[in-house]
Amino acid sequence: MNLVCKRTNFFNCSSKSNHFLFYFRNMKRTWELFFTFMKIGAFTLGGGYAMLSMVEKAVVDQKKWIASDEFWDMIAIIQSLPGVFAVNTALYVGQKVAGRKGAFASMLGAILPSIVIILLLATVFREFRDNPVVERIFKGIRPCVVALILAPSLRMIKSAKVTWKTAIIPILAVFLIWWCKISPAYVILTAIAGSLVYALIIERKAKEAEK
Amino acid sequence: MIYLQLLWVFIKIGVLGFGGGYAMLSLIQHEVVEHYAWMTTTEFADMVAISQMTPGPISINLATYVGYTTAGIWGSLLASFALCLPSIIMVYMIIKLFMNKKNSNLLDNTLKGLKPAVAGLIFAAGLSMMNTQNFVEIGRGQNNVSIIICVLAFVASYFFKANPILLIVLSGAIGFFVY
């Protein structure tokens, strides 16, 4: 008996079983993350911000994986990152809760419903595209889509507090992309450089004011 | 070759897509319609309508759709994954490095400066979709139903924050009865 005990100690059995338990719990969390984000991905219409309240409800209120203030602090940073906001949020929550595996599982969960639904619709839509009824419906929809793209851009200008002086920025962007057919990628890169300089100047001014 | 192009295009969009789904939409529009001509502007408008009406992030929907029409199922998986790839690296780095408040302030101010340019970007995408393919009667001397739909949808969306899905369904119904 004693010998066995010593042996188990020697082989570090107990910690090994702990490790196994930890691994098991981690796997369970990984799947939980996957299904949580899959549910959110499958049922949120209307983009990233509609999704955010659902993520908060699931992750902060129900599962209590992340504290509320920590969650919102991090979301503030994630909002300023490029890329798909829903995917960035899923990656952050997953990483925080279950490491790299969790991040990957959450991301897959967030995008899988979209991919499946669009693949199904795309195959169906190809068949029915030339159907006269579908064509009539889409003739009505297309101008609406244009309006749905123009409206948020103007709302964005409003929320960015563009003045008569800074109005040159969006006007120049429109002119370069729409008229000169310059790639928006270059416009974005130039704007990043410009606003980084602007942000650094603000920071320096704030520091000087402190002194 | 098409796979490499898809990979490159969507990684680029994942890196430069500041300012949400609509900003990415304008980047996708330039690459897909104007640069590579994988789609006509009509197809693109239809695709945007479908992406709006289905659940999930609009840009993932668009990437899947573009990938599928250009290179089948593998293309769609590749395009969506390519769009997420920069995010995977960036979020990981942000969690490891950028946790302090000072850096986040710098990031915040940079984004504030970026916003007017991104708004211009989106507006330009809307303008380049405003053509005779998407607006049926322009220049034919008929009643301009397309323009009326566009103006009404704009007013409803901008001033009354109407639900985009509702607007798409309504204008689809108008199209069905008018044309």
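Biologist: Helix 2 of chain B, then: how many of its residues are buried?
Modeller: This is a predicted model, and in it 14 of the 16 residues of helix 2 of chain B are buried, so that helix is largely enclosed by the rest of the structure.

Biologist: And how far does helix 2 of chain B reach?
Modeller: Helix 2 of chain B covers residues 20-35 and reaches 22 Å from its first C-alpha to its last, close to the 22 Å expected at 1.5 Å a residue.

Biologist: What comes just after helix 2 of chain B?
Modeller: B:Ala37, with a positive phi of about 55 degrees. B:Ala37 has that positive value without being a glycine, and its place is in the loop between helix 2 and helix 3 of chain B.

Biologist: Switching to chain A. How many helices and strands are there?
Modeller: Chain A has eight helices and zero strands. Of its 211 residues, 39% count as buried. Take the contacts in chain A between residues at least 6 apart in sequence: 49% of them join residues at least 24 apart.

Biologist: Which residues of helix 7 of chain A are buried?
Modeller: A:Ile169, A:Pro170, A:Ala173, A:Val174, A:Leu176 and A:Ile177. Helix 7 of chain A runs over residues 168-179 and reaches 15 Å from its first C-alpha to its last, close to the 16 Å expected at 1.5 Å a residue.

Biologist: What follows helix 7 of chain A?
Modeller: A:Lys181 does, and its phi is positive, near 60 degrees. A:Lys181 is not a glycine. You'll find A:Lys181 in the loop between helix 7 and helix 8 of chain A, and A:Lys181 is exposed, with 12 other C-beta atoms within 10 Å.

Biologist: OK, the two chains together. How many residues does the contact take from each chain?
Modeller: 94 residues from chain B and 81 residues from chain A.

Biologist: On the chain B side, which helix gives the most?
Modeller: Helix 5 of chain B, with 24 residues. By class, the side of chain B that touches chain A has 59 nonpolar, 30 polar and five charged residues.

Biologist: What about the largest nonpolar core: which residues touch the most other members?
Modeller: Out of 112 residues there, A:Met107, A:Cys144, A:Ile149, B:Leu121 and B:Ile122 touch the most other members. Helix 5 of chain A gives the most to this core, with 19 residues.

Biologist: Let's follow B:Ile122. What is B:Ile122 in contact with, leaving aside its neighbours within four places in sequence?
Modeller: From chain A, the contacts are A:Ile149, A:Pro152, A:Ser153 and A:Met156. From chain B, B:Ile122 has B:Tyr22, B:Ala23 and B:Ser26.

Biologist: And where is A:Pro152?
Modeller: In helix 6 of chain A, which spans residues 132-159. A:Pro152 is buried, with 24 other C-beta atoms within 10 Å. Leaving aside neighbours within four places in sequence, A:Pro152 is in contact with B:Tyr22 and B:Ile122.

Biologist: Last one: what does the domain assignment of chain B give?
Modeller: Domain 1, residues 2-134, and domain 2, residues 137-179. The C-alpha centres of domain 1 and domain 2 of chain B lie 25 Å apart.

Terms used
Residues are numbered from 1 along each chain as its sequence is written. Chains are lettered from A and ligands numbered from 1 in the order in which they are written. This is a predicted model: local features need pLDDT of at least 70, side-chain atom pairs count only at pLDDT 80 or more; totals for chains, interfaces and linings use all residues. Helices (H or I, at least four residues) and strands (E, at least two) are DSSP runs, numbered from the N terminus. The expected span of a helix is 1.5 Å times one less than its number of residues. A residue is buried if 20 or more other C-beta atoms lie within 10 Å of its own, exposed if 12 or fewer, and partly exposed in between; C-beta atoms are placed from the backbone. Two residues are in contact if their C-beta atoms, placed from the backbone, lie within 7 Å. Ala, Val, Leu, Ile, Met, Phe, Trp, Tyr, Cys and Pro count as nonpolar, Asp, Glu, Lys and Arg as charged, and the others, Gly among them, as polar. Domain bounds come from an automatic or database domain assignment. A nonpolar core is a set of buried Ala, Val, Leu, Ile, Met, Phe, Trp, Tyr and Cys residues joined through C-beta atoms within 7 Å.
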